[in-house]
Amino acid sequence: MQDLLNVVLPVFLVIGFGYFATWKGYLNAGQIDGLMKFAQNFAIPCLLFSAIASLDLSRSYHPALMLSFYIGAGSGFAAGMLGARFLFGRPWEDSVAIGFIGLFSNSVLLGLAITERAYGVDALAANFAIVSIHAPFCYMVGITVMEIVRARGQSPFRVARTVGIAMFRNALVVGIALGFIVNLGDIALPEPVTAAVDLMKRAALPAALFGLGGLLVRYKPEGDGKVIAYIIAVSLLLHPTIVYGLGRAFDLPVSDLRSAVLTASMAPGVNTYLFANIYGVGKRVAASSVLVATAVSILTVWGWLQILP
């Protein structure tokens, strides 16, 4: 119970403040959109850039960590997509969008914040290693499968081009790529640049969490109840369970196991709705899943904190 009070609730209270402020009309939709654009396009890319630029790549990147997390993520995608298609009879395009909900956990806004509160800043190395390829991996899988489903035999070159363009339009991917360039090139940044990045990254998580609360006001949990319950179970239970089992089997260090399982246990990110919106399919399921899963995850994340060593 102490973990719930000290670790999980502060993060969700910030989300709640954003929800309340928007619901009561203190902030309007345009202001929340502006805040989220700042957070997602500038502050969070600065946070990821700074983390990747200074990350000890040889220590943080190892196959057991990545396989544990991304086999779990891929399993969530497959379970979501195939369940939507064969259990609920959804069209293939809808099914891919629903599968994306089981694939894309909120690794940055919630995962970093809760891991830091639970285990401290020094515990985030594995989180940043996972996050560094999270958006590229998830969008590559989601867009590739969606384009294959939509292409109906069209050129593989067209599919690859669509995936590549989507990757490099994403500010998070750009921030991560620049971080790798600085890290691998052993580039020393001028002190004013480093100081400016530090100022930006301090605003990233508070602004993003508050803005997420504001966004959730728009999402109404309506219709498709069985599909929503199913994909939330995949996201909050199946994905982290697979990661936990694989992590134990691969004998992951405790710190890496914590980061991998907690990241996997986060509610679906807003990107799942954005993905559905891009293709115009599964939007109601995605929006409702983000809202309901974020609320339910207050308890499920607390449960995972009790299970983890």
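**A friendly note on an all-helix model**

1. The protein's secondary structure amounts to 14 helices and zero strands (helices are DSSP runs of H or I with at least four residues, strands are runs of E with at least two, and both are numbered from the N terminus). This is a predicted model, in which local features need pLDDT of at least 70 and side-chain atom pairs count only at pLDDT 80 or more, while totals for chains, interfaces and linings use all residues. Residues are numbered from 1 along each chain as its sequence is written, and side-chain values use heavy atoms, with hydrogens and water left out.

2. Now for the overall packing. Of the protein's 309 residues, 51% count as buried (buried means under 20% relative accessible area, exposed over 50%, and partly exposed in between, with a 1.4 Å probe and protein chains only). Take the contacts between residues at least 6 apart in sequence: 84% of them join residues at least 24 apart (a contact means heavy atoms within 4.5 Å).

3. Beyond its neighbours within four places in sequence, Ser259 is in contact with Thr115, Ala123, Ala126, Asn127 and Ile130.

4. Next, the salt bridges. How many does a search of the whole structure find? There are three (each is a side-chain nitrogen of Lys or Arg within 4 Å of a carboxyl oxygen of Asp or Glu).

5. Arg90, Asp94 and Asp224 are linked in a network of salt bridges. Arg90 pairs with Asp94, their closest N and O atoms being 3.1 Å apart. Arg90 also meets Asp224 in a salt bridge, at 3.2 Å from N to O. Asp224 lies in the loop between H10 and helix H11 (225–249), and Arg90 in the loop between helix H4 (63–86) and helix H5 (92–103), so this pair ties together parts that are 134 residues apart in sequence. Arg90 is buried at 14% relative accessibility, as is Asp94 at 13%, whereas Asp224 is partly exposed at 23%.

6. The other pair to find is Asp198 and Lys201, whose side chains meet in a salt bridge at 3.3 Å, N to O. Both lie in helix H10, three residues apart, which is about one turn of the helix. Asp198 is partly exposed at 22% relative accessibility, and Lys201 is partly exposed at 27%.
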